[in-house]
Amino acid sequence: MRPASRARFPHAREAGLELGEPKQSKDTLVTTPPRRATPRTAVALAGSLLAASALSGCGVFGSPDLVVYNAQHEQLLDEIIPLFEEESGLDVELRHGKDLEMANQIVEEGEDSPADVFLTENSPAMTIVDNAGLFAELPESATATIPEQYVPADRTWTGFLARSTVAMYNTDTMTEADMPASILDFADPEWQGRVAFSPTGADFQAIVSAVLELEGEEATAEWLAGLKANGVIVQNNLVVMQSVDSGEVDAGIAYHYYWYRDRQENGTDSDTSALHFFGDQDPGAFLSISGAGILASSEKQDAAQEFVTWLTGTEAQQAMAESYALEYPLNPDASLNPEVKPFDELEPPAVDVANLNGPQVTDLMTAAGLL
């Protein structure tokens, strides 16, 4: 699995890669005379060539078989990609980034994008690329295992994981009965200073996209204005959970897996909190879908189709269900950790995953002073 280029993605710096150094010109004169190889240096040179050949064979120097722009959780893909590589014999290069940033980058790159496959945490980023006409239609094999409500009608991409919107609440100050019936109620003055949320992340913006799709622009603008006036803005969803658990706020808006993951690890940030699942198809019961699509510009269509078909297949879906992520697999044949609320007990609203409008959400949140 190849690292990302630092020129586009910062993780290369974290990995200690120094890319983009100037190359020596072909016209540069070499004035130092060549040294005659001794038997010892000849042996060393032969060993170096053999090592270089081996590295080239595993994709270190050669081109990868597949380039995946990944906006899903980095750790999750780092866990499962080796499984695909071992099974397929293909070498995959992951380039990590954030949902909307990578979507806009693909649009900017257009037909020259080096990406073969695009993966996201939330579906509005898929819509940006899809609306630009940059996805190829997926083969039936890639979507056959996924329920149709999580696949756009034109089959240009497919969902492969889901996360449920939830409200966390502090169990020292609140009970389940104290929680609102709708996520929209958190904008009311009675929640002033009591509910935390993180507006800058793609997670919350996906939730807003669902409110927009279900309630319309005017109601969404009013809700955002109420959250701005009454809510407590924090850095990310982890801080939402910590703020609820510490009692700094009574409640917080996030996705289910943050709380379940902390419980599985040590419970440090969730031992004084519980989850409230909204029901009755409320916007607060929204399921955000992680998407996978193949770029039409890719010259590696067969490998890309093999990867997406594998990603939605039972083996990969079960591997993701058993990973640290604790997100819901969309293939019904895969089963999640039994400690997580069962998928079939959720009551999400019916949302067309292909219609969630990321750019309009950004405009509304900017107008509300949240971005």
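Colleague: What does E93 form with R95, and how far apart are the closest N and O atoms?

Modeller: In this predicted model, E93 and R95 form a salt bridge, with their closest N and O atoms 2.6 Å apart.

Colleague: Are those two buried or exposed?

Modeller: Both E93 and R95 are buried.

Colleague: And which residue does D203 pair with?

Modeller: D203 forms a salt bridge with R163, where the closest N and O atoms are 3.3 Å apart. Because D203 lies in helix α7 (residues 202-215) and R163 in strand β4 (residues 157-170), the pair ties together parts that are 40 residues apart in sequence. D203 has a relative accessible area of 6% and is therefore buried, and R163, at 0% relative accessibility, also counts as buried.

Colleague: Where does D250 sit, and where is its partner R194?

Modeller: D250 is in the loop between α9 (237-246) and β7 (251-255), while R194 is in the loop between β4 and β5 (195-197), 56 residues apart. Their side chains meet in a salt bridge at 2.7 Å, N to O. D250 counts as buried at 15% relative accessibility, whereas R194, at 24%, counts as partly exposed.

Colleague: Which residues are joined into one network?

Modeller: R163, D203 and E327 are, through salt bridges that share partners.

Colleague: Switching to the surface, which residues form the negative patch?

Modeller: The negative surface patch is formed by E86, E87, D302, E306 and E315, and the elements giving two or more residues to it are α3 (74-88) and α11 (301-312).

Colleague: How accessible is E306?

Modeller: E306, which is in helix α11, has 39% relative accessibility and so counts as partly exposed.

Key: Residues are numbered from 1 along each chain as its sequence is written. This is a predicted model: local features need pLDDT of at least 70, side-chain atom pairs count only at pLDDT 80 or more; totals for chains, interfaces and linings use all residues. Side-chain values use heavy atoms; hydrogens and water are left out. Patches are made of residues with over 30% relative accessible area and no salt bridge: like charges are joined within 9 Å, nonpolar side chains (Val, Leu, Ile, Met, Phe, Trp, Tyr) within 5 Å. Accessible areas come from the Shrake-Rupley method with a 1.4 Å probe; for residues, only the protein chains shown count as cover. A salt bridge is a side-chain nitrogen of Lys or Arg within 4 Å of a carboxyl oxygen of Asp or Glu. Lys and Arg count as positive and Asp and Glu as negative; His and the chain ends are not counted. The place of a charge is taken as NZ of Lys, CZ of Arg, CG of Asp or CD of Glu. Helices (H or I, at least four residues) and strands (E, at least two) are DSSP runs, numbered from the N terminus. Buried means under 20% relative accessible area, exposed over 50%, partly exposed in between (1.4 Å probe, protein chains only).
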